[in-house]
Amino acid sequence: MSLAVGCRARPGKSRDNKTGSWRVFKPSFNREKCTQCGLCVTLCPEGCVHETEEGFVAPDYTYCKGCGICAEECPGEAIEMKQEEK
Amino acid sequence: MVDKTLELFDCGHRACGGCGAALAARLVTKASGTNTIVVSSTGCMEVFSTPYPETAWKVPWIHSLFENASAVASGVEAALKKQGRTEKVVIMAGDGATFDIGMICISGAFERGHDFTYICYDNEAYMNTGIQRSGATPYDASTTTSPAGKCSFGNKRPKKDMPQILAAHGAPYVATASIAYPADLMQKIEKAINTKGPCYVQVHAPCCTGWGFEGEQTIAVAKLAIETGLWVNYEMVDGKVVKAKKVVRKPVEEYLKTQKRFRHLFKPKRQDAEIAAIQATADRNAEKYAIDIKLKKE
Amino acid sequence: MMEITEGSHAVADAVRLCRPQVISAYPITPQTHIVEALAEMVANCQLDAEYITVENELSALSACIGASAAGSRTYSATTSQGLALMFEVCFNAAGMRLPIVMSIANRALGAPLSIWNDQQDSISLRDSGWLQFYAEDNQEATDLHYLAYRVAEDHSVLLPAFVCFDGFILSHTYEPIDMLSQEDIDKFLPKFTPYERLDAADPISFGMYATPDYYLEFRYEMDRALKGSKAIIQKAGKEFGQMFGRDYSAMVEGYRLEDAETAIVAVGSICGTTKDAIDEMRDEGKKVGLLKIRVFRPFPTEDVAKALAHVKRVAVLDKNISLGAKGAVALEVKDALYGSSIPVKDYIIGLGGRDVRKKDIKAIVALIEKGEGDMFYGLRREVL
C-alpha cells in the first residue's frame, strides 16, 4: 500500500481492527424474550448489532467490545452478558 | 430522503467500550446521510476514528486542528456554494474544542451566518488528553486539572451556557440532545441540517472512562442527567425556547452517586452544602425551561 | 498591458486573474490594500468568488484549508503578526498537502511592535513546507502569483506557497506593471484540478493522525515534493517566459556576477537598490556582483554553490535574524558553500523598515573587503 498524500484514506480500513478481541464479557441474545424493538441496534456504539434474515438481532462478534449497553437497555431483558472463555 | 438504515460510522474504531461519543457519531451520521461532509476538531472522536490508514468514516471527513473546525467548515461551505454542490456541512467537535479553544472561530463563523450544522458532543471535559476540565465541566466535577482534594471540591465554575451564546449570535436553530433519547437526537439533527444558516446541537455524551462508571451504564447515566434536571433537552428557534423535555424530577443525588467524578461529595463525608448547590442548579434549570411534570394530587 | 499601479493592487489584479473561488480576508498593515481591492472587485462583479471576512488570521488560513480540500482554488494574504498567529495552521496546510497560495507583504515581527518591512515573518516559517517566492519588484510580485498557483497545484507538488514582497517598499509603491489579460492567464494557469477532494460521491478522510510508524514517511514525502518542485518551477517559469517574455525558470539570478570578486547575496526589494549600487561600484572599477535569491524554499543549494564558486568573498544581506545565531539566508549560503574556502560574511540590515540606501551597500562591500562582517549593519550605538 503506497503512502496516501496528505495522510488520507478511503473508507473500509477501520475494519482491519478487530475490536472483538477487547471483550471480557460477551452478550448472549435470547430469541424467545426478544420483542424485535430494535433498541440494541440503535444504541450499540459500534453499530455492530444487525437484524438477521429471520428478523431477529445478532451482534457481529468480530467487533463487539462487550460494553454491555445492549444488555442493560434491552426492555425485554433478552440479552445477558456472560464472561467469555478465551 | 435520507436512508436512516445506513451505518456511516464503521466498526473497528478505537473508542472505549460503551463510549457515548461513538454512539453520537453513529447517530449523527445516520441522521445526516451520505450527502454530508463532516468537519471534525481534534479530540476523542477524531482520534479513535482515524489512525492512519484506518478510518471509520464512510462520509467525506476532514480534520485540521483543535480550534478551527468552524473556520475550516466556513471554507468548505463557501467552496460548495461556489461549485453549486449540495452536500451538507456538519461539524463534530467535543466540548473542549467548542466551549474553549474554538470560541473565536465559532463566534466568527456563526456571526457570518454560514450554512452548516455544528454538533458538540459534550462529555464535559478534555477526555482525549486524560480528563481535564473544560468550560463545559459541571460544578464540583473532579477532573485532573480540577481535582477534588483536601481543600477542593473539584471544578469551581458552572457549565458555560453555550447554546444561549450561539442563539445570541442569531443561530436560527439551537438544540440540546442526548444519546439517551436517540430518536429525539436524530430528529434534531435532521431539523438542524435542514435549517438554513448556522445551527447548533449540543449532545450530551457521558464518558464512562472520564466520569467513572461502567460502560454498560452510559445510557442510564445520560437519562439520569435529564431526569434530575442537570441536563435539559430543549429546542430554540430564532432565539426562543420552543420546546423542552418534561420530567418527573429526581433529586440530583441519584445522578451524582453513579459517577466517580462526584464521589468526593459522598465519601469520606457527605457534603450537604455542595449537593444543595448542585440541586439549586437543577432547580434553576427546571424553572427556566419549565420541565417539571406536576403530578396531580389524588 | 502597461499600467502604473500600486503594488498591492497589482497583486490583487493578479489574484483576480487566477480565478480563485474562495478568498478569506483579515486586515493587517501592510497587506490590507490587497484584500480591500479584492473586496471591491467582488462587490462590483469583477471577480466571481466567495469572499469570507474572517474574524482572525488563523481562521483565514483555516477557511482556505476547508475550501481547498473541498476542491476550490483559494487565496488569502497576511504578514507579520497575522502570519505568526497562523503558525500552526501553516504547518497543518502543508502537511495536508493543499495548494493554497498566500501573499505575504513582509513586515517585522513584534515585540517590539513594528509595522515596517523586514523578512522575519516568512523566513521564520521556512520549516513549514510552504514554497517561498520573493519578489524584487512589483512586476515580480505580480507574476510570481501565477507561477505560485501553477507550481503548487501540480500533482507532483501539492504544497502551499507564499508569495513574499516587501511591505510598504513594494506593497505601497507605484511602479509600471505589465498586467497580463484573463486570456493570457487562463492559458498559463488552467482550471484547478484537485488531486482529491471532499466529495460525497467518493468519501475520503482528510487529516488523519499518524503514529510513529508512519509520521517520518509523511514528512519525507513532503520534503521530496518540495525539493521536486524545483523541476516544476523550472518548467513553468520557462513556459511563462516563452508566453510573456519574462522567464522565471531560475530560482536564483546573477547580476554582473560572472566576473565578480565580491558577491552580494540578497532577497527581495533590496536587490533593486543593490543593483544600482553595483553599477556605481563597477564604474569605480570594483568587481562586485549580486546573486538574487528568488525562491527561498525549496532552497536552491546547488544553484547558489555554482553561482558563487568563482568569487573571492560573499556578503549576505539578511533582512532577518535567527536570534542567537545568524541571518537565515547566510546560514543557507554557508551550507551551500560548505567545503569551499570562500569567506561568507553576514550583514543584518534593514530590520523593522530601516532604509537601505546605495551607500549602505557600498559600505558593506568596503567592510567585507577589510574582512569585517557578521554584524548588525548600521547599529546606532548612540541610542543603546
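In chain C, helix H3 (residues 57-69) packs with helix H5 (residues 87-95) at an angle of about 15°, their axes lying 9 Å apart. Axes here are lines fitted to C-alpha atoms, for helices over the stretch in contact, and angles run from 0 to 180 degrees between N-to-C directions. H3(C) is therefore roughly parallel to H5(C), a term for angles under 35 degrees. The contact involves Leu58(C), Leu61(C), Ser62(C) and Ile65(C) of H3(C), together with Val89(C), Cys90(C), Asn92(C) and Ala93(C) of H5(C). Residues are in contact if their C-beta atoms, placed from the backbone, lie within 7 Å. Helices (H or I, at least four residues) and strands (E, at least two) are DSSP runs, numbered from the N terminus.

This is a predicted model, in which local features need pLDDT of at least 70 and side-chain atom pairs count only at pLDDT 80 or more, while totals for chains, interfaces and linings use all residues. Residues are numbered from 1 along each chain as its sequence is written, and chains are lettered from A and ligands numbered from 1 in the order in which they are written.

|---|---|---|

The largest nonpolar core has 246 residues, and Val76(B), Ala148(C), Val163(C) and Val265(C) have the most contacts inside it. Such a core is a set of buried Ala, Val, Leu, Ile, Met, Phe, Trp, Tyr and Cys residues joined through C-beta atoms within 7 Å. Val163(C) touches, among others, Val101(C), Phe133(C), Leu144(C) and Ala148(C), not counting residues up to four places away in sequence.

Helix H1 (residues 7-17) of chain C is largely enclosed by the rest of the structure, because 11 of its 11 residues are buried. A residue is buried if 20 or more other C-beta atoms, placed from the backbone, lie within 10 Å of its own. After H1(C) comes Arg19(C), with a positive phi near 55°.

Between chains, 38 residues from chain B meet 37 residues from chain C. H3(B) provides the largest share of the chain B side, 12 residues.

Conventions. A residue is buried if 20 or more other C-beta atoms lie within 10 Å of its own, exposed if 12 or fewer, and partly exposed in between; C-beta atoms are placed from the backbone. Two residues are in contact if their C-beta atoms, placed from the backbone, lie within 7 Å. Angles under 35 degrees count as roughly parallel, over 145 as roughly antiparallel, 65 to 115 as roughly perpendicular and the rest as oblique.
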